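Dear colleague,

Please find below the structure that I am handing over to you. My notes on it come directly after the sequence and the model.

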Amino acid sequence: MTEQRRVLRTEIPGPRSLELHARKTAAVAPGVGTTLPVYIERAVGGISVDVDGNQLIDFGSGIAVTSVGNSAPRVVAAVQEQVERFTHTCFMVTPYEPYIAVAEELNALTPGDHEKRSALFNSGAEAVENAVKIARHYSGRQAIVAFDHAYHGRTNLTMALTAKNMPYKHKFGPFAGEIHRVPMAYPYRWPSENCADEAFEAFTAAVTVQVGVDNTAAVIVEPIQGEGGFVVPAPGFLKRVADWCRHRGILLIADEIQTGFCRTGDWFACTHEGIVPDLITTAKGIAGGLPLAAVTGRASVMDAVHSGGLGGTYGGNPIACAAALAAIETMRAEDLCGAARRIEATMRPRLDALAAKYDAIGDVRGRGAMLAVEFAEKGAAKSTAVAAACHRAGLIVLTAGTYGNVLRFLPPLVIDDALLVEGLDILDMAMAEVL
Ligand SMILES: *Cc1c(COP(=O)(O)O)cnc(C)c1O
């Protein structure tokens, strides 16, 4: 049993991690980068144990994936049971019940009480691709509108939707067509006070004048932007966009791949914004670490696609479905939405205090257990230096942001309070050392 505490036995990374890293460098394509070359041997709850016996505090959850904690007991039991029953049939060939059960959970849990259907896939990018396919097929229109600072994945179509060139798109073009970009209501970087109004006006002008309402199949948006730097849209902006789209037959796709499944203190971040999307994409936190993704949408929209038009060999793999059902049960039984709000209540005042102490910090934002600080200066120098100091002290933190200047915090929702506070103490020390 791994104790939920930080233990440093060697420098970070230690000698065995360095050995593995040399093998990685020789064997693995360098395009697959590594934030922190500490090789993990075991991970439980909010602690990751490396091959040198160091126990690190996890403020990243493998990018918002292990929200129920690493190797969560219900997930482990469900996977073990399923893996002994059968590992794969392909749902499109001979189906099985866990896929249906996941679809039922998604239809019930996602925002809106209209009739819904779901389809399951392997990765977030694949879910986004399919949401776009469905929106185009249903509407008979082609254009998709995406926002500045958006991140929707790394496949060809999702690279086109993603805003940031380096490292996601650089020299990987040409990209898919009929993608149009509009400004995001990003309060900290908006040049005037009327962020929500002006961004909304820019949005409607672009769709009306440049794209054409009748050509626009869907608008896709992350209700809190993830890789773009945990940008929380100015209050009311998303609601106005949603209402405007609904009156013009433009579908709203909410990409809740990072924000979904209790991360922001509710099952889905759309709820805070008071919006009900037509289609919603989910992945990351859905299955306690197993690869699974979904598109859930209005029955009228989802039913438009012909039989056989959607799918894939592994989509809705039975082991991943079993894991998802166990993860969702854990979220419910342990009230992980409440846990995310408690994490915010602990972290937010500490982050605000750091912002008061260091002029370098320009903004503290986010919701629930999805919080970030943005440095005023654009560029990754400060964020990388603070993250590196955290890493040396045994705290896993991630950076983000269009300008690379955001430190983001995504602790597992089951993290115990002592670990959370210790992680914040380390962050405090790291900032004192660097800023
Ligand atoms: C991670 C992410 C994706 C892509 O998911 P993958 O599983 O990495 O393909 C898409 N959208 C958002 C908002 C994400 O955070």
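The notes below take up the ligand, a pocket, and several individual residues in turn.

The model is predicted: local features need pLDDT of at least 70 and side-chain atom pairs count only at pLDDT 80 or more, whereas totals for chains, interfaces and linings use all residues. Residues are numbered from 1 along each chain as its sequence is written, and side-chain values use heavy atoms, with hydrogens and water left out.

**Ligand surroundings**

The residues around the ligand are Ser123, Gly124, Ala125, Tyr151, His152, Glu222, Asp255, Ile257, Gln258 and Lys284; a residue is near a molecule or strand if one of its heavy atoms lies within 4 Å of it. Several atom pairs here can be named individually. The side chain of Asp255 has an N or O atom 2.7 Å from a nitrogen atom of the ligand. Tyr151 places a backbone N or O atom 3.4 Å from a ligand nitrogen atom, while a polar backbone atom of Ala125 is 2.8 Å from an oxygen atom of the ligand.

**The second largest pocket**

The second largest pocket holds about 500 Å³ of space. For the search, a 1 Å grid is laid over the protein atoms alone; a pocket is an open set of points with protein on both sides within 12 Å along at least five of seven lines, a cavity is a set of points where a 1.4 Å probe fits but cannot get out, and lining residues have an atom within 4 Å of a point. Grid points are joined across faces, edges and corners, and the volume is the space filled by probe spheres set on the points.

The lining of this pocket comprises 24 residues, and Phe91, Tyr99, Ser118, Ala119 and Leu310 lie nearest its centre. Helix H4 and strand S4 each supply at least two lining residues, and S4 gives the most, with five. Helices (H or I, at least four residues) and strands (E, at least two) are DSSP runs, numbered from the N terminus. By class, the lining has twelve nonpolar, ten polar and two charged residues. In this scheme Ala, Val, Leu, Ile, Met, Phe, Trp, Tyr, Cys and Pro count as nonpolar, Asp, Glu, Lys and Arg as charged, and the others, Gly among them, as polar.

Asp113 counts as exposed, at 81% relative accessibility; exposed means over 50% relative accessible area, buried under 20%, and partly exposed in between (1.4 Å probe, protein chains only). Asp113 and Val276 are 163 residues apart in sequence, with their C-alpha atoms 9.3 Å apart in space.

**Two buried loop residues**

Asn54 sits in the loop between strands S2 (47–50) and S3 (55–58) and is buried, with a relative accessible area of 0%. Its side chain reaches the backbone nitrogen of Arg9 at 2.5 Å and makes a polar contact of 2.9 Å with the side chain of Thr10. A polar contact is a pair of N or O atoms within 3.5 Å; within protein, one must be able to donate a hydrogen and the other to accept it, and residues adjacent in sequence count only if both atoms are side-chain atoms. Leaving aside residues up to four places away in sequence, Asn54 touches residues including Val7, Leu8, Ser48 and Val49, where contact means heavy atoms within 4.5 Å.

Gly288 belongs to the loop between strands S9 (279–282) and S10 (293–298) and is also buried, with a relative accessible area of 8%. With residues up to four places away in sequence not counted, Gly288 touches Val65, Thr66, Val68, Val75 and Ala327. Gly288 and Asn70 are 218 residues apart in sequence and 7.1 Å apart in space, C-alpha to C-alpha.

**Backbone geometry**

Which peptide bond has omega near -5°? The bond from Ile12 to Pro13 does, and it is cis; Pro13 lies in the segment before helix H1 (15–27). A cis peptide bond also joins Met166 and Pro167, with omega about 5°, and Pro167 is found in the loop between helix H6 (156–161) and strand S6 (179–182).

Ile63, a residue other than glycine, has a positive phi near 65°. Ile63 lies in helix H2 (residues 61–64) and is partly exposed, at 33% relative accessible area. Cys262 has a positive phi near 75° and lies in the loop between strand S8 (251–255) and helix H9 (270–273). Cys262 is buried, with a relative accessible area of 0%.

With kind regards
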